[in-house]
Amino acid sequence: ALPAYFLGSIPTAVWVGKIKYGLDIREHGSKNAGATNTFRVLGKKAGRVVLSIDVLKGMTAVLLPYFVLGYDFTAPELTHVQLVASFLAVLGHVFPIFAGFKGGKGVATSLGAVIGLQPLAAVICLAVFLLVFMISHYVSLGSILAALAFALLLWFAFPIQTVALPVFGSLLSAVVIVAHRKNIGRIVEGNENKMNLFKR
């Protein structure tokens, strides 16, 4: 759990902004230390770097149990340890110890964890995100609905080998939604920032 939290706490957007561009991403744009704000403020090149590393944080968290030597996990035990590691990595991204507990919203790191845990669900959730994003141009709305889709898929569309997995999906979905609470308010008020997927 602790290595996963510290892994998730790597504030990619903050460090890329400060080291490469000499600015704190949390003082510009939406003031969020995530990939979306990096795309808006620093451009596509920096945005791709931040997005890729944040996704890798989630994927690596799922692999952490394999680095534990001298212990042979049963299937349910392995899943449970992976779920704990994944959740702590997302929590670390949202509340990073290396950046004053002011991080991103956990979407990219959640995607990485989902890819590692349930690749087919990840593909479906990514399709949901892209569809909603292309129609509404709201990254936040696409992220929220994709997170909800993940929880619903685990409860109703896939065989439940251990109830811990859909429970994890629900908790992960809740973290993403709570992190987007201000965005939800802006969407309701019609003030949320839009992005064009095909705009140069």
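The structure is a predicted model, and its protein chain holds 10 helices and zero strands.

How compact is the protein chain for its length? Its radius of gyration is 17 Å, close to the 16 Å that the globule rule gives for 200 residues, so the chain is as compact as a globular protein of that length. The C-alpha trace spans about 50 × 35 × 25 Å along its principal axes. Of the 200 residues, 45% count as buried. The chain exposes about 10,600 Å², and 69% of this area is supplied by carbon and sulfur atoms.

Helix 6 (residues 107-117) and helix 7 (residues 119-136) have axes that come within 5 Å and cross at roughly 140 degrees. That angle makes helix 6 oblique to helix 7, because only angles over 145 degrees count as roughly antiparallel. Which residues meet here? From helix 6 come Val114, Ile115 and Leu117, and from helix 7 come Pro119, Ala121 and Ala122. Sorted by class, this contact has six nonpolar residues, with no polar and no charged ones.

Two single residues complete the tour. Thr162 sits in the loop that links helix 8 (139-156) with helix 9 (164-179). Leaving aside residues up to four places away in sequence, Thr162 touches Thr79 and His80. Lys194, by contrast, is 32 residues from Thr162 in sequence, and their C-alpha atoms are 39 Å apart in space.

Asn183 belongs to helix 10 (residues 181-189). At 6% relative accessibility, Asn183 counts as buried too. Which residues does Asn183 touch, not counting those up to four places away in sequence? They are Lys105, Ser140 and Glu192.

Definitions and conventions:
Residues are numbered from 1 along each chain as its sequence is written. This is a predicted model: local features need pLDDT of at least 70, side-chain atom pairs count only at pLDDT 80 or more; totals for chains, interfaces and linings use all residues. Side-chain values use heavy atoms; hydrogens and water are left out. Axes are lines fitted to C-alpha atoms, for helices over the stretch in contact, and angles run from 0 to 180 degrees between N-to-C directions. Helices (H or I, at least four residues) and strands (E, at least two) are DSSP runs, numbered from the N terminus. Angles under 35 degrees count as roughly parallel, over 145 as roughly antiparallel, 65 to 115 as roughly perpendicular and the rest as oblique. Contact means heavy atoms within 4.5 Å. Ala, Val, Leu, Ile, Met, Phe, Trp, Tyr, Cys and Pro count as nonpolar, Asp, Glu, Lys and Arg as charged, and the others, Gly among them, as polar. The radius of gyration is taken over C-alpha atoms; the globule rule is 2.2 Å times the number of residues to the power 0.38. Buried means under 20% relative accessible area, exposed over 50%, partly exposed in between (1.4 Å probe, protein chains only). Accessible areas come from the Shrake-Rupley method with a 1.4 Å probe; for residues, only the protein chains shown count as cover.
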